[in-house]
Amino acid sequence: AYYQPLDRIKSSLLIATDTYYHVYGQKQRWGLEYVYDNFLSGRLGYYDDNFASGLSLMMFDINLDYAFVTNNLGNTHRIGLRVNF
């Protein structure tokens, strides 16, 4: 993984990749995340021949998250809400 703060524009960029091995061979995963001002983030990724993306909105102690994932059974949309106490 590689993390790069972008202080001039109050942002950060994270690029990650890994390879994992199992009985049927090896798989490659990679991802990219961009965070603006610890308020808004966007993600793109690829794993097991599937595409994934997402957006997060972080305000105070509340995090609203949306994710889109492709897979063999069809596309999946996920919405999550997290509240920190």
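**Salt bridges in a predicted model**

This predicted model holds three salt bridges.

Trainee: Why is the pair Lys10 and Asp37 called a salt bridge?

Mentor: The cut-off is within 4 Å, from a side-chain nitrogen of Lys or Arg to a carboxyl oxygen of Asp or Glu. Lys10 and Asp37 have N to O at 3.8 Å. So the pair meets the rule.

Trainee: What makes this pair a tie between parts of the chain?

Mentor: Lys10 sits in the loop between β1 (2-6) and β2 (11-22). Asp37 sits in the loop between β3 (25-36) and β4 (40-47). The pair therefore links parts 27 residues apart in sequence.

Trainee: Why is Lys10 called partly exposed?

Mentor: Buried is under 20%, exposed is over 50%. Lys10 has 49% relative accessibility, so it falls in between. Asp37, with 37%, is also partly exposed.

Trainee: How do you know that Arg29 and Asp18 form a salt bridge?

Mentor: Their closest N and O atoms are 2.9 Å apart. That is within 4 Å, so the pair counts. Arg29 lies in strand β3 and Asp18 in strand β2, so the pair ties parts 11 residues apart in sequence.

Trainee: What makes Asp65 and Arg43 a salt bridge?

Mentor: The closest N and O atoms are 2.8 Å apart. The cut-off is 4 Å, so this pair qualifies. Asp65 is in strand β6 (residues 62-69) and Arg43 in strand β4, so parts 22 residues apart in sequence are tied together.

Trainee: Why is Arg43 called partly exposed rather than buried?

Mentor: Buried means under 20%. Arg43 has 23% relative accessibility, so it counts as partly exposed. Asp65, at 24%, is partly exposed as well.

Notes: Residues numbered from 1 in each chain as written. Predicted model: local features only at pLDDT ≥ 70, side-chain atom pairs only at ≥ 80, totals over all residues. Heavy atoms only, no water. Helix = DSSP H or I, 4+ residues; strand = E, 2+ residues; numbered from the N terminus. Buried < 20%, exposed > 50% of the residue type's maximum accessible area, 1.4 Å probe, protein only.
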